[in-house]
Amino acid sequence: MATPLRVLVHGGGIGGLTLAVALARSGHTVEVAELRGELDALGVGIIQPSNALHVMGELGVLDACVAAGFAWEVLTICDQAGATLAKIPQPRMGDAPAGNGIPRPELARVLGEATSAAGVPIRLGTTITELTDDGTGVEVTLSDGSRARWDLVVGFDGIGSPLRTRLYGDRFAPEYTGFANWRVTVPRLPEVQGVVVSTGRTSTKALLTPITDELMYLAAVTAEEEDFRPDPARAHEQLKERLAAFGGPVAEALAAVTSPDGVVYSRISQVTVEEPWHVGRVVLAGDAAHASTPNLAQGAAMAVEDALVLARSLDAADDVPTALAAWEERRRARAMFVQNLSRALLKEETGSPTTPEEDELLKVGMPGAAHVLVEPY
């Protein structure tokens, strides 16, 4: 775009900061509004598959991500007893590693430093309270009382997106899948040199992911009633009850969980905005538009891909509406492939019934999807 834009990014998570950096480096004026009081991320660790790392390379922060995390090349599949069933080398996208595990706070730090270096202000503790789109710009009032006019407002504000509710009401609220994710950080076992997935005859799946030389996180996907919440005093015991059938490295990792401190529980939901992802000059991206189950470890990867492609689309088009249309046309099919295959894998891994369409997707499977997702985004 010949004239630099003024863009407000609503949400200072992984996708929002990626977009802010990419736009600022192209000469646009950008600000980030983040409801939290600090950028330090909640949770334990996160997997950066090769396509996400490729985006980090485009931002110039790949080396910083790898230095703060644990890069790996091979996915290991085990049975419930811990016996290795397969070791599957994962494909690379360009020069990026196949994967990287990283503590979420470290990734927030890396992206936060890149955002500051790009000259982008981050308004912490703020959210949108008023928004008026007149077709040529968007008048926005933030919760800190500031008012400004923007050429574009982008909602990277997560699965519970307030901006999505503002645009669409409750039509695309998160849909609970019947499963939940438990995660806790433990000392890394020497044999865990990459992601280790353990599955068996139950509906529970366990995962070990190295995030530094010293640390890894243990994750479990379990079937849970919608209103279930762990007991704060015995969450570690409840996790152990759910993983009692597992042996090998999962059992060894579980033995290190001796208190409820650090056990993170989250329900697995998905969001599908079936209408266009933008209304006028307000657009949703990442989990706000297309949150997936974690079975392909592609949620954050889709967000950073959304961000980089949106920045490039804005640079290439003559006007904002053309850019948004081109961006969504390019991104929707890929994001929906990830969401649909990820949900199908969740059902397969937990013994839930699948649809004929999901059966077709499962013929691609996780290894096949890894190859698809290292193709250009």
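Helix α10 (residues 320-350) and helix α12 (residues 365-372) have axes that come within 11 Å and cross at roughly 165°, where axes are lines fitted to C-alpha atoms, for helices over the stretch in contact, and angles run from 0 to 180 degrees between N-to-C directions. That angle makes α10 roughly antiparallel to α12, a label that applies to angles over 145 degrees. On the α10 side the contact (heavy atoms within 4.5 Å) is made by R334, F337, L341, L345 and E349, and on the α12 side by G365, M366, A369 and V372. These residues divide into six nonpolar, one polar and two charged, with Asp, Glu, Lys and Arg counted as charged, Gly among the polar, and Ala, Val, Leu, Met and Phe among the nonpolar.

This is a predicted model, in which local features need pLDDT of at least 70 and side-chain atom pairs count only at pLDDT 80 or more, while totals for chains, interfaces and linings use all residues. Residues are numbered from 1 along each chain as its sequence is written, and side-chain values use heavy atoms, with hydrogens and water left out.

Turning to the strands, β1 (residues 6-10) runs parallel to β2, and five bridges join them; one of the pairings sets H10 against A33 in β2. Strand β2 (residues 29-34) is mostly covered, with five of its six residues buried, that is, under 20% relative accessible area with a 1.4 Å probe and protein chains only.

Strand β17 (residues 264-270) contains S269, which is buried at a relative accessible area of 12%. Apart from neighbours within four places in sequence, S269 is in contact with I159, P174, E175, Y176, T177 and S292.

Technical notes:
Helices (H or I, at least four residues) and strands (E, at least two) are DSSP runs, numbered from the N terminus. Angles under 35 degrees count as roughly parallel, over 145 as roughly antiparallel, 65 to 115 as roughly perpendicular and the rest as oblique. Buried means under 20% relative accessible area, exposed over 50%, partly exposed in between (1.4 Å probe, protein chains only). Two strands pair if DSSP finds at least two bridges between them.
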